[in-house]
Amino acid sequence: MKKTIITLLAFYAGAISVQAQEIPIENLNMHWNKNTPQYSKSIINNEIKGILVEHMAITGEKALVDVAKPGYKTVYLFVKGKGNIVAENKNYEIVPETIFLPNIVKKIAFTSAKNDTIHYLKISSKLTAQDLIDLKEFPKENTQKVYYAKFTDCKPYTEPIKSPNTVSRTILPNKIIPRIAMGTVQTKGPDKVGAHEHPMLEQLFLGLTNNDCVVYADSAKVHFPQYSVLHIPLGSSHSVSVEKDSVLYYVWMDFFLDKKGEEWLKTHNVKEDKK
């Protein structure tokens with residue numbers, strides 16, 4: 001397994017040579033005009049080919065109806081506020097740190113709880129011709145049913161680049177959406193995620209509640225606060241550090257260039273949750 005990953009790294013590193021000049025980052029607007037019941041803004045535009053990211057927010061009694069976009073798969077990451085989703089006449093509770101994927105459901109409706117505001121990311125991935133072929137080979141339970149999970153209910157894993165104090169979870173396994181996987185990383189400082197490279201995938205980070213750390217990529221670095229989204233420059237050597245008494249808590253989103261690159265996920269050693 002180790003040999004396979006090293007071979008893949010060498011292959012992609014030979015094909016892609018990137019020197020990071022900056023780490024693109026955007027802070028989410030968590031305090032927009034509440035006289036407007038619905039808010040939407042595209043973020044991290046044109047950073048990753050085929051990936052659209054929107055910060056969405058809903059408040060008030062009126063429901064927001066979202067219709068599936070042909071040729072795309074969409075993931076919703078809820079970061080703040082409480083509410084409800086209706087999909088095919090079934091209700092799903094919205095709470096902070098929840099993931100939702102409609103799969104074959106074409107239309108869903110969101111409502112916020114009374115006197116509350118829901119904030120979430122809507123991430124849409126354009127399916128390639130190869131993705132459509134691969135989808136047919138995925139287990140039906142992965143592609144036909146709604147995928148819904150609270151982050152804390154997802155399987156934990158360990159990784160050599162992280163300390164024993166770090167709690168990592170896979171919140172979206174691969175083989176649900178072609179070439180995509182997502183997870184969380186959580187620890188308290190002083191701690192770090194060690195330097196590493198993965199030129200076979202594009203990656204976004206979403207800062208969750210109280211996240212307050214620093215991200216490095218080659219010669220660049222940026223402060224990474226809660227409720228912000230950043231893009232790790234493709235092929236860069238990157239790491240994350242958190243100071244004493246501060247919190248590191250974010251979602252990583254992996255967008256693989258091709259399915260061969262998913263071999264990288266074998267570095268994640270799944271373990272049983274001790275809760």
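In which strand does Gly183 lie? Gly183 belongs to strand S14, which spans residues 180-188, where strands (E, at least two residues) are DSSP runs numbered from the N terminus. This is a predicted model, in which local features need pLDDT of at least 70 and side-chain atom pairs count only at pLDDT 80 or more, while totals for chains, interfaces and linings use all residues. Residues are numbered from 1 along each chain as its sequence is written, and side-chain values use heavy atoms, with hydrogens and water left out.

**Surroundings of Gly183**

- Gly183 has a relative accessible area of 0% and is therefore buried, a term that means under 20% relative accessible area (1.4 Å probe, protein chains only).
- Not counting residues up to four places away in sequence, Gly183 touches Arg169, Thr170, Ile171, Tyr250, Val251 and Trp252, contact meaning heavy atoms within 4.5 Å.
- Phe151 and Gly183 are 32 residues apart in sequence, and their C-alpha atoms are 8.3 Å apart in space.

**Aromatic rings**

- Eleven aromatic pairs are found in a search of the whole structure, a pair being rings of Phe, Tyr and Trp (its six-membered ring) whose centres lie within 6.5 Å.
- Tyr92 and Phe100 form an edge-to-face pair, with 5.3 Å from centre to centre and 70 degrees between the planes; edge-to-face requires planes over 60 degrees apart.
- Tyr92 counts as buried at 11% relative accessibility, and Phe100 counts as buried at 0%.
- One aromatic cluster is formed by Tyr76, Phe78, Tyr92, Phe100, Phe110, Tyr120 and Tyr148.

**Charge over a ring**

- Lys69 lies over the face of Tyr72, at 4.4 Å from the ring centre, the criterion being NZ of Lys or CZ of Arg within 6 Å of the ring centre and within 35 degrees of the ring normal.

Definitions and conventions. Rings of Phe, Tyr and Trp (its six-membered ring) pair if their centres lie within 6.5 Å; planes under 30 degrees apart count as stacked, over 60 as edge-to-face and the rest as tilted. Buried means under 20% relative accessible area, exposed over 50%, partly exposed in between (1.4 Å probe, protein chains only). Helices (H or I, at least four residues) and strands (E, at least two) are DSSP runs, numbered from the N terminus.
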